[in-house]
Amino acid sequence: MGYYNEFGKFGDKPAAISSEGITLSYRELEAYAKQIGQKVPARSLVFCFCMNVVGSMAGYLSFLNQKIVPLMVDAAINDVLADNLMEVYKPQYLYVPAELAEKYADMEEVHRQFDYVLLKTNYEKVYALAPELGLLLTTSGSTGSPKLVRQSYTNIQSNAEAIAEYLEIDENERPVTTLPMNYTYGLSIINSHVLKGATILLTTGSIVSREFWSFMKEQHATSFGGVPYTYEMLKKIRFFRMDLPDLKTFTQAGGKLPPEMHKEFAEYAIKNDKRFVVMYGQTEATARMAYLPYEKALEKFGSMGIPIPGGRFALIDINGNEITEPETVGELVYEGDNVTLGYAECGEDLAKEDERRGRLETGDMAKRDEDGYYYIVGRKKRFLKLFGNRVNLDEIDGMIKREFENLDCASDGTDELMKVYITDEKYAKQVEDLITERTHINHTAFTVIVIDKIPRNESGKTLYKELP
């Protein structure tokens with residue numbers, strides 16, 4: 001039994017409260033799931049167009065409850081990209097915000113509630129779904145790639161249980177949404193809290209808006225999560241000066257936080273009797289693979305921590321041999337019940353069985369200290385070889401951000417030329433000098449390019465393929 005089959009046991013406890021003033025109890029959630037199940041056959045494929053609102057969350061959890069398989073996509077996805085995904089996978093149903101329903105006027109309306117509409121599509125082709133397939137997530141919501149991650153019911157349940165255990169989640173928690181529901185991190189917050197009967201505070205407001213903080217305070221939010229970009233924004237809006245007596249925990253994942261910023265937030269947490277938990281994960285591992293216990297946030301700042309309950313890490317060298325010595329860099333490999341089934345790139349792939357068998361080569365390069373704590377040092381493919389010297393592009397980005405706190409940047413390129421993109425012309429010469437002085441890379445091997453904005457996806461990750 002998954003947590004998504006046990007809503008009723010929490011009775012009239014609120015499962016969600018939205019900034020629009022809607023409250024959804026666990027008993028109402030259970031009833032809604034049964035309604036959906038009467039309209040949609042089990043093992044149907046449905047595209048769920050997500051927003052951080054009650055209708056979206058109720059639909060997602062109802063689909064899991066009724067063994068209906070959702071693909072979670074951003075409600076704001078470009079129409080061309082959405083149409084392309086639909087042509088590739090031919091879903092039997094769409095679940096969309098009411099304001100989007102008119103786009104699909106040729107489809108039959110099956111159900112309408114919570115400002116969401118369930119529509120029956122007109123595709124004649126129906127792809128078979130593997131029995132254990134429970135959920136589909138995109139690997140790149142902004143580029144519209146048809147490549148999806150296939151998650152099983154076991155993946156979802158095991159990762160929710162592990163997260164709830166190490167974050168010590170109980171029914172009194174009230175997390176506020178700061179991340180999209182179609183993003184694995186945002187979804188994991190919902191999964192792990194609903195598992196324990198907590199109350200999700202749903203808002204589409206941005207963390208830089210006054211409305212977000214008003215809602216958070218009014219509803220006594222106890223936690224939130226963020227990616228590195230979220231924490232950069234928090235610093236700019238003077239988060240450290242805010243009066244947030246109800247806030248107990250804040251978490252970070254979705255990329256490595258610069259060590260200095262990690263240290264700053266850890267110091268703030270200790271000083272203000274709060275818990276700051278840095279985590280590590282990938283969609284391919286459902287969500288989380290590692291966490292840094294909040295007690296170690298300052299002592300081990302810069303670390304992604306230790307494996308989640310039930311998980312195991314190994315570091316392997318270029319020959320695939322396991323590295324046992326501390327402080328030695330290798331590719332990070334993870335094993336656990338949350339390792340997903342594999343990818344899908346076309347409709348036929350939805351019938352595939354488990355291809356990973358609980359083992360994931362993450363593509364991240366890491367090292368382990370003598371105490372068993374892991375540190376990410378870069379991506380396996382985020383390296384260039386300039387004049388025979390191996391250059392870690394993530395380290396270049398980190399170096400620039402440390403030196404110029406308000407400058408956004410991203411580096412990319414080939415072994416012939418490294419391209420460093422920045423967003424402010426006045427820093428161009430200083431960045432060039434910094435790279436030359438600190439790395440001794442010949443100035444002819446790289447160029448600094450000024451652009452208006454670093455392209456990012458909805459979760460704040462840099463979209464390197466969209467750099468000019």
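Visitor: At what angle do the axes of helix 7 (residues 228–236) and helix 8 cross?

Guide: The two axes cross at roughly 60° and come within 11 Å of each other. Axes here are lines fitted to C-alpha atoms, for helices over the stretch in contact, and angles run from 0 to 180 degrees between N-to-C directions. Helices are DSSP runs of H or I with at least four residues, strands are runs of E with at least two, and both are numbered from the N terminus.

Visitor: Why is helix 7 called oblique to helix 8?

Guide: Angles under 35 degrees count as roughly parallel, over 145 as roughly antiparallel, 65 to 115 as roughly perpendicular, and the rest as oblique. The angle of roughly 60° therefore makes helix 7 oblique to helix 8. The contact (heavy atoms within 4.5 Å) is made by Tyr231, Glu232, Leu234 and Lys235 of helix 7 and Met261, Glu264 and Phe265 of helix 8.

Visitor: What kind of model is this, and how are residues numbered?

Guide: This is a predicted model, in which local features need pLDDT of at least 70 and side-chain atom pairs count only at pLDDT 80 or more, while totals for chains, interfaces and linings use all residues. Residues are numbered from 1 along each chain as its sequence is written, and side-chain values use heavy atoms, with hydrogens and water left out.

Visitor: What makes helix 2 and helix 5 roughly perpendicular?

Guide: Helix 2 (residues 54–65) and helix 5 (residues 184–194) pack at an angle of about 65°, with their axes 12 Å apart. Helix 2 and helix 5 are therefore roughly perpendicular to each other. Met57, Tyr60 and Leu61 in helix 2 meet Leu187, Ile190, Asn191 and Val194 in helix 5.

Visitor: Is Gln151 buried or exposed, and how do you know?

Guide: Buried means under 20% relative accessible area, exposed over 50%, and partly exposed in between (1.4 Å probe, protein chains only). Gln151 has 2% relative accessibility, so it counts as buried. Gln151 lies in strand 9 (residues 148–152). Leaving aside residues up to four places away in sequence, Gln151 touches several others, including Glu132, Leu135, Ile156, Thr184 and Leu341.

Visitor: What does the side chain of Gln151 reach at 3.5 Å?

Guide: The side chain of Gln151 reaches the backbone oxygen of Thr283.

Visitor: Why is strand 1 (residues 14–18) said to be largely enclosed?

Guide: Four of the five residues of strand 1 are buried, so it is largely enclosed by the rest of the structure.

Visitor: How do you know that strand 1 pairs with strand 2 (residues 23–25) and with strand 10 (residues 200–202)?

Guide: Two strands pair if DSSP finds at least two bridges between them. Three bridges join strand 1 to strand 2, and these run antiparallel. Strand 1 and strand 10 also have three bridges, in the parallel sense. Pro14 stands opposite Ser25 in strand 2, and Ala16 has Ile200 in strand 10 as its bridge partner.

Visitor: What makes strand 11 (223–226) and strand 15 (306–307) edge strands?

Guide: They belong to an open sheet of five strands in the order 11-12-13-14-15, with mixed pairing. Strand 11 and strand 15 each have a single partner strand, so one side of each is left without a neighbour in the sheet. Inside the order, strand 12 (residues 249–252) and strand 13 (residues 275–281) run parallel and are joined by four bridges. Phe250 stands opposite Phe276 in strand 13.

Notes. A polar contact is a pair of N or O atoms within 3.5 Å; within protein, one must be able to donate a hydrogen and the other to accept it, and residues adjacent in sequence count only if both atoms are side-chain atoms.
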